[in-house]
Amino acid sequence: MRLSRYFLPVLKENPSEAQIVSHRLMLRAGMIRQQAAGIYSWLPLGYRVLKRIETIVHEEQIRAGHIPLLMPTLQPADLWRESGRYDDYGQEMLRIKDRHDRDMLFGPTNEEMITDIFRGSVNSYKDLPLTLYHIQWKFRDEVRPRFGVMRGREFLMKDGYNFDIDKDAALHAYNRHMVSYLRTYERMGLTAIPMRAASGPIGGDNTHEFLVLAQTGESEVFYDDRVVDLKLGDRQVDYDNRAEVAGVCQEFTTLYARTDETHDAAAFDQIPEAHRKVGRGIEVGQIFYFGTKYSESMGATVVTADGSRVPVEMGSHGIGVSRLLGAIIEASHDDKGIIWPEGVTPFHCGIVNLKQGDAATDAASDSLYKALAAKGLEALYDDRNERAGNKFATMDLIGLPWRVTVGPRGLEKGVVELTSRKTGLSEEMTPEAAVERLVQIYAAHR
RNA sequence: CGGGGCGUAGCGCAGCCUGGUAGCGCGACGGUUUUGGGUACCGUAGGCCGUAGGUUCGAAUCCUAUCGCCCCGACCA
């Protein structure tokens with residue numbers, strides 16, 4: 001993409017309404033624009049990252065054997081009356097009447113609807129196990145939305161629901177989600193720690209929240225800091241192997257890690273003092289096993305091998321997709337701007353043409369741009385007629401992980417400069433070598 | 001929902017107390033200059049001063065109401 005033809009309304013100054021760093025940077029980098037309290041438009045740069053995150057979530061869910069579908073944002077109230085949550089949910093649920101005076105609502109979650117879909121088409125144990133999920137906009141009418149997309153009223157969420165024949169199978173689904181979530185966050189360059197949590201109105205007694213450590217987090221967290229070093233890395237997990245999946249979960253949940261809701265001071269004190277940490281975290285996902293809470297109230301049953309009919313065992317699992325943008329920025333930025341991890345960056349690299357209008361630098365920048373495209377790499381080419389300082393500042397602000405600088409000085413020697421946003425270190429090399437290096441870097445993020 | 005703050009140009013703000021032709025910086029646009037870290041100069045455009053009502057000869061300014069936004073707390077898959 002040529003910057004001269006793109007829509008990237010960056011701001012030099014901090015908008016006064018934004019208090020925390022991720023919100024400020026998203027506004028300044030031209031990623032979002034607020035339309036009402038807690039409701040945002042996603043401008044092109046923000047939309048790219050959002051789509052990138054969504055893609056990773058999809059890929060990891062599908063890898064785990066889960067099946068995507070798409071349910072609507074608007075739901076009929078009757079479904080919620082059936083589960084009993086229409087009255088329970090309270091003011092957070094946005095209630096709407098249609099022209100025929102029917103009660104509707106903007107979905108804050110989809111347990112009822114997915115259960116309705118399930119019971120309408122699934123009757124036999126032979127159709128299980130089944131895990132369905134979607135990535136769809138939710139609306140929760142928060143009393144006080146804040147922190148930009150971190151606590152918006154409208155937000156994009158992946159929510160999945162497993163249907164299993166018995167508790168063991170359902171707990172395997174729970175574990176499978178934990179592993180797939182760990183992979184998902186790692187691909188985004190995040191360390192998200194599974195922490196035992198409280199289940200709240202959703203019910204059930206088995207639940208973990210995934211928290212990204214950040215000073216601006218809304219939850220207080222207590223943990224053994226050795227959990228931070230746990231990594232899934234390159235290992236291949238067979239998602240159908242119950243013991244293997246359970247083993248990974250065991251590995252990631254044995255060390256103490258809890259939010260203030262479930263904190264146990266006595267257990268915490270058992271941790272060696274050097275590893276005992278209290279901090280704050282951003283919740284970016286949660287998994288639940290809740291058994292037959294919804295299947296019983298809504299009549300979602302299957303016929304078993306012996307001919308009897310039983311309510312299915314269920315769980316639900318969520319990832320805050322739009323919130324992740326804020327969480328990633330909170331975890332990865334400096335005083336100049338955002339630092340995107342390679343896995344979620346809106347463009348693979350930036351190209352800064354230091355002397356726009358100069359025949360040699362224009363030609364070199366242009367051919368570099370095309371060479372990258374030929375290798376499937378998307379560059380944001382700053383071809384504006386601006387000062388170098390302005391171009392560098394823009395690139396730093398929007399946080400592309402790599403920048404190729406093309407200038408007359410370097411071209412005399414036949415080189416361009418490849419700079420890491422994260423370390424700030426630059427290396428001179430031929431344009432061909434720069435392309436090859438970027439190809440290698442991104443090979444690990446395909 | 002309780003407490004506090006703020007609505008004036010795209011962004012950041014001054015002016016309000018003490019009523020009298022709406023300003024500054026950045027940005028945008030045109031030009032000159034410049035070109036390896038937000039350059040300099042000249043010029044131009046852009047505002048029902050959130051909205052409605054009131055007081056007054058006269059309201060961005062005083063009064064009332066209302067809408068919106070932000071922060072703290074409470075709340076929160």
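Strand β13 (276-291) gives the largest share of the lining of the largest pocket, seven residues. That pocket has a volume of about 1,100 Å³. Welcome to a predicted model, in which local features need pLDDT of at least 70, side-chain atom pairs count only at pLDDT 80 or more, and totals for chains, interfaces and linings use all residues. Residues are numbered from 1 along each chain as its sequence is written, chains are lettered from A and ligands numbered from 1 in the order in which they are written, and side-chain values use heavy atoms, leaving out hydrogens and water.

- Rolling a probe the size of a water molecule over the atoms shows where empty space is left.
- On a 1 Å grid over the protein atoms alone, a cavity is a set of points where a 1.4 Å probe fits but cannot get out, while a pocket is an open set with protein on both sides within 12 Å along at least five of seven lines; lining residues have an atom within 4 Å of a point.
- Grid points are joined across faces, edges and corners, and a volume is the space filled by probe spheres set on the points.
- Helices (H or I, at least four residues) and strands (E, at least two) are DSSP runs, numbered from the N terminus.
- Ala, Val, Leu, Ile, Met, Phe, Trp, Tyr, Cys and Pro count as nonpolar, Asp, Glu, Lys and Arg as charged, and the others, Gly among them, as polar.

- The largest pocket is lined by 40 residues, and Arg140, Glu209, Glu283, Gln286 and Arg323 lie nearest its centre.
- β8, β13, β16 (313-320) and α10 each supply at least two residues of that lining.
- By class, the lining of the largest pocket divides into 13 nonpolar, 14 polar and 13 charged residues.
- The second largest pocket holds about 570 Å³ of space.
- Its lining has 26 residues, with Glu186, Arg187, Gly189, Ala444 and His445 nearest the centre.
- Two or more residues of the second largest pocket's lining come from each of α2 and α6, and α2 gives the most, with four residues.
- The lining of the second largest pocket has nine nonpolar, seven polar and 10 charged residues.

**The cavities**

- There are two cavities of 30 Å³ or more.
- The largest cavity has a volume of about 110 Å³, and of the 13 residues that line it, Leu182, Thr191, Ala192, Leu230 and Phe252 are the closest to its centre.
- α6 (167-187) and β9 (192-196) each supply at least two residues of the largest cavity's lining, which divides into 10 nonpolar, one polar and two charged residues.
- The second largest cavity has a volume of about 50 Å³, and its lining is made up of Gly38, Tyr40, Trp42, Trp137, Val149, Gly152, Glu154, Phe155 and Ser322.
- β2 (39-42) and β8 (154-164) are the elements that give two or more residues to the second largest cavity's lining.
- Five nonpolar, three polar and one charged residues line the second largest cavity.

**How the helices pack**

- Axes are lines fitted to C-alpha atoms, for helices over the stretch in contact, and angles run from 0 to 180 degrees between N-to-C directions.
- The axes of α2 (residues 44-63) and α10 (residues 321-331) come within 9 Å and cross at roughly 110°.
- α2 and α10 are therefore roughly perpendicular to each other (angles under 35 degrees count as roughly parallel, over 145 as roughly antiparallel, 65 to 115 as roughly perpendicular and the rest as oblique).
- Gly46, Val49, Leu50, Ile53, Glu54 and Val57 of α2 make the contact with Val321, Ser322, Leu324, Leu325 and Ile328 of α10, where contact means heavy atoms within 4.5 Å.
- That contact of α2 with α10 has eight nonpolar, two polar and one charged residues.
- Helix α1 (residues 21-28) packs against α10 at an angle of about 105°, with the axes 8 Å apart.
- In this pair, Val21, Ser22, Leu25 and Met26 of α1 meet Leu325, Gly326, Ile329 and Glu330 of α10.
- The contact of α1 with α10 divides into five nonpolar, two polar and one charged residues.
- α2 also packs with α6, at an angle of about 145° and with axes 9 Å apart.
- Arg52, Ile56, Val57, Glu59, Glu60, Gln61 and Arg63 of α2 contact His177, Ser180, Tyr181, Arg183, Thr184 and Arg187 of α6.
- By class, the contact of α2 with α6 has three nonpolar, four polar and six charged residues.
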